[in-house]
Amino acid sequence: MIRIQEISVREYLRELASARPTPGGGSAAAFCGALGAALTAMVAGLTAGGEKFSAVRPQMEETRRRADSLAELFLRLAQEDADSYLKVSAAWNLPQGTEAQKKTRDAALQEAMKAATQVPLETLRAVEKLLRETVRALRDGNPHAQGDAAAAAALAHAAAITAIQNIRINLAGIREASYVAGCEEESRSLMQKIAALMSEAKDKIPADIRAG
């Protein structure tokens with residue numbers, strides 16, 4: 001089992017491209033979030049270090065700290081997604097020769113699917129927090145780094161889209177209606193907030209570099 005925080009980017013890409021089941025799309029979603037957080041931290045750092053941006057230095061220093069923390073969280077989630085899939089796979093492979101074994105396997109599978117759903121849901125929560133910092137970087141950051149802040153927003157959005165897809169895939173296999181409803185409600189609310197933040201971010205990206 002790979003440890004994502006301990007390998008090179010090249011090794012991680014090699015693992016993604018391999019026929020092994022992990023890491024997969026959910027892990028890649030969190031990795032996109034980490035890249036977006038790193039870019040946001042860079043823009044905030046470049047701004048905080050500039051003399052002519054002294055008026056927003058405290059805010060930019062706080063944004064850098066938050067973005068750095070989120071980058072670490074996203075990397076942890078990239079690992080947790082891979083780990084959670086292996087637990088689902090292990091549950092699938094439990095014996096089911098007797099009725100008792102079938103019940104044990106079914107219960108283990110349902111719990112593993114719930115745990116696997118929590119990882120992309122946490123990724124969505126982190127994306128919403130990140131975009132708040134990215135919007136601030138776009139609004140108050142060094143204009144020479146606006147392209148980097150725009151890239152950060154795009155990467156965060158990619159993380160959100162992939163995460164919501166993984167949430168829906170996992171929920172399809174969970175029978176507990178109240179759990180499914182709760183996850184659907186929270187993920188829908190988060191995606192609405194993310195869409196609003198993305199709209200705000202796009203408004204702050206110069207028209208000559210804006211995509212779409």
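# A tour of the salt bridges

Select Asp83 to begin: at 23% relative accessibility, Asp83 counts as partly exposed. Keep in mind that this is a predicted model.

**Stop 1: Asp83 and Arg3**

Which residue forms a salt bridge with Asp83? Select Arg3 alongside Asp83. The closest N and O atoms of this pair are 4.0 Å apart. Now show the helices. Asp83 lies in helix H3, residues 57-92, while Arg3 sits in the segment before helix H1 (9-17), so the pair ties together parts that are 80 residues apart in sequence. Arg3 has 39% relative accessibility and counts as partly exposed.

**Stop 2: Arg175 and Asp106**

Move on to Arg175. Its salt-bridge partner is Asp106, and the closest N and O atoms are 2.5 Å apart. Is Arg175 buried or exposed? Arg175 counts as exposed, at 56% relative accessibility. Asp106 is partly exposed, with a relative accessible area of 28%.

**Stop 3: Arg139 and Asp140**

Select Arg139 and Asp140 together. Their side chains meet in a salt bridge, 3.1 Å from N to O. Arg139 is partly exposed, with a relative accessible area of 47%. Asp140 also counts as partly exposed, at 21% relative accessibility. That value lies just on the partly exposed side, because buried means under 20%.

**Stop 4: a network**

Select Glu62, Arg65, Arg66, Glu133 and Arg136. What joins these residues? Salt bridges that share partners link them into one network. Side chains of opposite charge can pair when their charged atoms come close. How many does the structure hold? The count is 16.

**Stop 5**

Finish with Cys32 and Cys183. Start with Cys32, which is partly exposed at a relative accessible area of 23%. Then select Cys183. Is Cys183 buried or exposed? Cys183 counts as buried, at 4% relative accessibility. How many disulfides does the structure hold? The number is 0.

How values were computed:
Residues are numbered from 1 along each chain as its sequence is written. This is a predicted model: local features need pLDDT of at least 70, side-chain atom pairs count only at pLDDT 80 or more; totals for chains, interfaces and linings use all residues. Side-chain values use heavy atoms; hydrogens and water are left out. Helices (H or I, at least four residues) and strands (E, at least two) are DSSP runs, numbered from the N terminus. Buried means under 20% relative accessible area, exposed over 50%, partly exposed in between (1.4 Å probe, protein chains only). A disulfide is a pair of cysteine sulfur atoms within 2.5 Å.
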